[in-house]
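Hi,

Here is the structure I promised to pass on. Have a look at it first, and my notes on what turned up follow below.

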Amino acid sequence: MTLVDRVTHLLMWLIPWTWYLLRIVLRLTFVTVNNLYVIPAHFVWLLCLQPVHMVRPALFWRLEGVMFKWLLAQVGWWGYSGGYKMYECGEDISHTYNDETIVIVNHQSTADVATLMAALQHKGPVVRRMMWIMDYVFLYSNFGWCAWAHGDFFLQQGQEYRDIMLKLLKDHLHTKYLSRNHQWIILFPEGGFLRKRRERSQKYARKNNLPVLQHVVLPRVGALKTILDNVGPPLAHSNGPLVNGAVHSEGQHIKWIVDITIAYQNGRPLDIQTLTSGWRPPYPTTLHYRYFPISEVPRDEEGLTKWLYERFEEKEQLMAHFYTTGHFPPGSTRPGTKTTDQAVQIKFSPWWMLSIHLFYLCSTALQLYTISAVLQWIF
């Protein structure tokens with residue numbers, strides 16, 4: 001092989017790898033800069049809007065919700081811009097967009113949260129009026145600060161924390177969820193990632209003669225029951241207090257449970273590192289929707305546990321079908337329900353995303369100029 005051939009061969013090897021590494025660096029730089037000009041600007045606007053909070057709190061939380069939706073759109077855009085496409089199918093849930101709803105989702109990786117942030121963007125007022133229940137470690141991230149200000153709940157995992165966490169959740173529902181006019185509650189009942197909990201869940205299932213699941217794990221019912229006991233429909237009406245202890249206003253109670261199943265191609269979950277850096281070749285994520293009227297959901301602990309186990313057994317069957325055929329099964333078990341059998345791609349408008357970025361870039365510039373002018377005036 002001549003010297004020219006060797007140099008050519010080396011260049012043919014170097015160019016793709018150089019572009020691959022450069023693309024990763026550029027994407028990570030963009031995400032870092034994106035956080036630097038968005039998060040501080042978001043909090044400065046919340047600080048400036050505090051007079052509105054004192055005079056008209058409903059208007060304040062509406063404005064905060066709009067900005068919160070824009071924040072989540074940018075997280076969703078990270079994966080979308082890297083070619084990681086998302087599709088959705090299943091039952092039509094559009095009638096739940098403006099109602100109080102609990103959303104139960106299977107949990108495989110850190111990409112699940114970003115996937116939901118993207119998938120729910122185009123579903124009416126859902127994103128700006130929803131409350132997340134997430135692991136407490138998210139509180140210490142930059143997004144965690146925004147979620148805390150929005151009124152999301154951070155859950156400490158572990159049996160030793162169970163009782164205190166459920167009590168804190170009860171208090172949170174009354175002090176944050178209701179007062180801020182939130183509607184959707186996002187809940188991961190499995191209590192952790194699939195890869196971390198599967199072995200323990202299967203051992204528990206064998207010991208207690210329960211279904212041994214491979215693609216999901218047996219869910220925990222504590223948080224779901226706490227939510228239903230406190231903001232679910234009253235079990236009885238009388239002139240006295242409601243028998244389930246709920247203190248919500250007339251009509252403001254949970255009306256639906258939406259069941260979302262997230263499946264990754266070939267059972268290989270993405271993660272937030274992949275969505276931000278784009279280091280793995282893109283492949284799609286598919287979400288499957290179902291819904292249940294709250295009137296169909298048992299309220300006693302034994303009945304609710306059985307009902308929730310059945311939903312995750314169904315998730316197991318759905319995902320087994322998906323991993324075998326490449327798509328979720330068509331139709332619905334609910335007669336007369338409108339469904340989307342062929343998965344539809346979830347798309348973002350580049351112009352909409354550009355307008356959001358311009359808003360936060362201009363906000364950052366304006367805020368820095370104002371702070372600089374004030375400091376010069378003082379000193």
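Let me start with a pair of side chains: R311 and E310 meet in a salt bridge, with N to O at 4.0 Å. By salt bridge I mean a side-chain nitrogen of Lys or Arg within 4 Å of a carboxyl oxygen of Asp or Glu. This bridge belongs to a network, in which salt bridges with shared partners join D259, R290, K306, E310, R311, E314 and K315.

Before going on, some ground rules: this is a predicted model, where local features need pLDDT of at least 70 and side-chain atom pairs count only at pLDDT 80 or more, while totals for chains, interfaces and linings use all residues. Residues are numbered from 1 along each chain as its sequence is written, and side-chain values use heavy atoms, leaving out hydrogens and water.

K306 and E310 sit four residues apart in helix 10 (residues 301-325), about one turn of the helix. Helices (H or I, at least four residues) and strands (E, at least two) are DSSP runs, numbered from the N terminus.

How buried or exposed are these side chains? I call a residue buried under 20% relative accessible area, exposed over 50%, and partly exposed in between (1.4 Å probe, protein chains only). R311 is buried at 7%, E310 is partly exposed at 28%, and K306 counts as exposed at 52%.

Another pair to look at is K123 and E88, a salt bridge whose closest N and O atoms are 2.8 Å apart. K123 is in the loop between helix 4 (111-119) and strand 3 (130-135) and E88 is in strand 1 (residues 86-91), so the bridge ties together parts 35 residues apart in sequence. Both residues are buried. The structure holds twelve salt bridges.

As for the whole chain, it has eleven helices and eight strands. The C-alpha trace spans about 90 × 65 × 45 Å along its principal axes, and buried residues make up 49% of the chain. Among contacts (heavy atoms within 4.5 Å) with a separation of 6 or more, 76% are between residues 24 or more positions apart.

Cheers
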